[in-house]
Amino acid sequence: PLVTSKEMLIYARENGFAVGAFNAYNMEVVQAIIEAAEEENAPVIIQISEGAIAYGGEKSFAALIKVLAEEATVPVVCHLDHGVNFSTVIKALKAGFTSLMFDGSSLTFEENIEKTKKLVEIAHAAGIPLEGEIGKIPDAAQGPLSPEEVKKYLTTPEEALEFYEKTGVDSLAISVGSAHRMKVQSVQLDIERIARIKDKVKIPLVIHGASGVMDDSVIQAVKAGISKVNFATELNKAFTHALREELSNNPDLVDVRKYGAVARENVKKTVKEKIQLLNATNKA
Ligand code: G3H
Ligand code: ZN
């Protein structure tokens with residue numbers, strides 16, 4: 001069924017696992033994520049970013065996820081990932097998303113609090129939970145960041161607590177060493193920082209940019225109390241690599257369904273591996 005992320009993430013926090021949150025850009029990836037979750041008997045979050053909305057439209061994604069989620073036996077969430085514009089969050093809410101994120105991490109601390117708080121009130125009035133971000137998860141699309149660079153963005157336990165108390169967010173994205181859009185797994189997370197934040201802030205905590213994080217560090221982060229882990233680039237890689245290989249091995253192939261199915265299968269395999277890594281198998 002289609003559900004909100006509220007109870008799902010609290011359950012994860014209390015039961016020593018994290019929910020995998022996977023970004024989708026097309027129908028095949030949405031199908032792959034839900035099929036993988038079904039086979040693992042795991043709760044799952046499908047996330048649609050502002051970029052994905054620009055590409056495919058929030059109403060189309062909301063409708064597709066709703067139909068497939070209602071046919072599924074495991075709980076499925078339709079989540080807005082990194083709503084940077086106030087209007088995007090409202091748009092996603094209107095389209096029927098069952099979980100929202102407002103990313104005010106590029107604003108000042110005060111502005112981030114002010115906008116997040118407003119959106120929490122609106123979302124809650126509609127019964128929908130909202131994820132905020134404090135500290136900033138940097139972008140490493142142009143190459144890996146130096147440890148000094150990463151340090152500038154890290155979340156402190158004190159600011160996390162103040163942000164939570166002043167906004168009332170339901171979950172919180174924290175910066176603990178990861179960066180977005182890394183194509184190679186190479187980063188170790190600050191596990192001690194995660195544990196200190198978890199101790200202070202009693203809501204589900206979220207890791208972004210998990211594609212660049214070493215598997216053992218993801219496992220440690222979940223043990224330290226992370227409840228949601230976001231993967232995007234890893235799925236893009238799985239889809240694209242399988243597609244590229246299939247097309248180059250079969251230059252005459254023109255049937256979208258044939259190569260689409262191959263790419264979809266490889267995404268499904270990746271999602272299953274991540275669900276296992278997060279200890280979410282059989283937690284539906
Ligand atoms: O919000 C999305 C995630 O943080 C994904 O990041 O592409 O580095 O895995 P990633
Ligand atoms: Zn992210």
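## Helices α11 and α12

In this predicted model, the axes of helix α11 (residues 233-249) and helix α12 (residues 256-277) come within 8 Å and cross at roughly 145 degrees. The handedness of this crossing is right-handed.

Who does the touching? On the α11 side, the contact is made by Glu234, Leu235, Ala238, Phe239, Ala242, Leu243, Glu246 and Leu247. On the α12 side, Tyr259, Val262, Ala263, Asn266, Val267, Thr270, Val271 and Lys274 take part. Sorted by class, the contact of α11 with α12 comes out as 11 nonpolar, two polar and three charged residues.

## Helices α2 and α4

Now for another helix pair. Helix α2 (residues 27-40) and helix α4 (residues 58-71) have axes that come within 11 Å and cross at roughly 25 degrees. Angles under 35 degrees count as roughly parallel, so α2 and α4 are roughly parallel to each other. The crossing of α2 with α4 is right-handed.

Met27, Val30, Gln31 and Ile34 of α2 meet Leu64, Ile65, Leu68 and Ala69 of α4. Seven residues of this α2 and α4 contact are nonpolar and one is polar, with no charged residue among them.

## The zinc site

Which protein atoms hold the zinc ion (ligand 2)? The donors are His82 through NE2, His180 through NE2 and His208 through ND1, lying 2.0 to 2.1 Å from the zinc ion. Along the chain, these donors follow the spacing H-x97-H-x27-H.

Are His82 and His180 buried or exposed? The cut-off for buried is under 20% relative accessible area. His82 has 14%, so His82 is buried. His180 has 19%, so His180 is buried too.

## Val176

The loop between β6 and α9 also holds Val176. Its relative accessibility is 0%, so Val176 counts as buried.

What does Val176 touch, leaving aside its neighbours within four places in sequence? The contacts are Leu154, Leu189, Asp190, Arg193, Ile194, Ile197 and Ile207. As for Tyr153, it is 23 residues from Val176 in sequence, and their C-alpha atoms are 8.3 Å apart in space.

Note on methods: Residues numbered from 1 in each chain as written. Chains lettered and ligands numbered in written order. Predicted model: local features only at pLDDT ≥ 70, side-chain atom pairs only at ≥ 80, totals over all residues. Heavy atoms only, no water. Axes fitted to C-alpha atoms, helices over the stretch in contact; angles between N-to-C directions. Helix = DSSP H or I, 4+ residues; strand = E, 2+ residues; numbered from the N terminus. Left-handed = near helix turned anticlockwise from the far one by under 90°. Contact = heavy atoms within 4.5 Å. Nonpolar A, V, L, I, M, F, W, Y, C, P; charged D, E, K, R; others polar. Donors = N, O, S within 2.8 Å, 3.2 Å for Na, K, Ca; no water. Buried < 20%, exposed > 50% of the residue type's maximum accessible area, 1.4 Å probe, protein only. Parallel < 35°, antiparallel > 145°, perpendicular 65-115°, else oblique.
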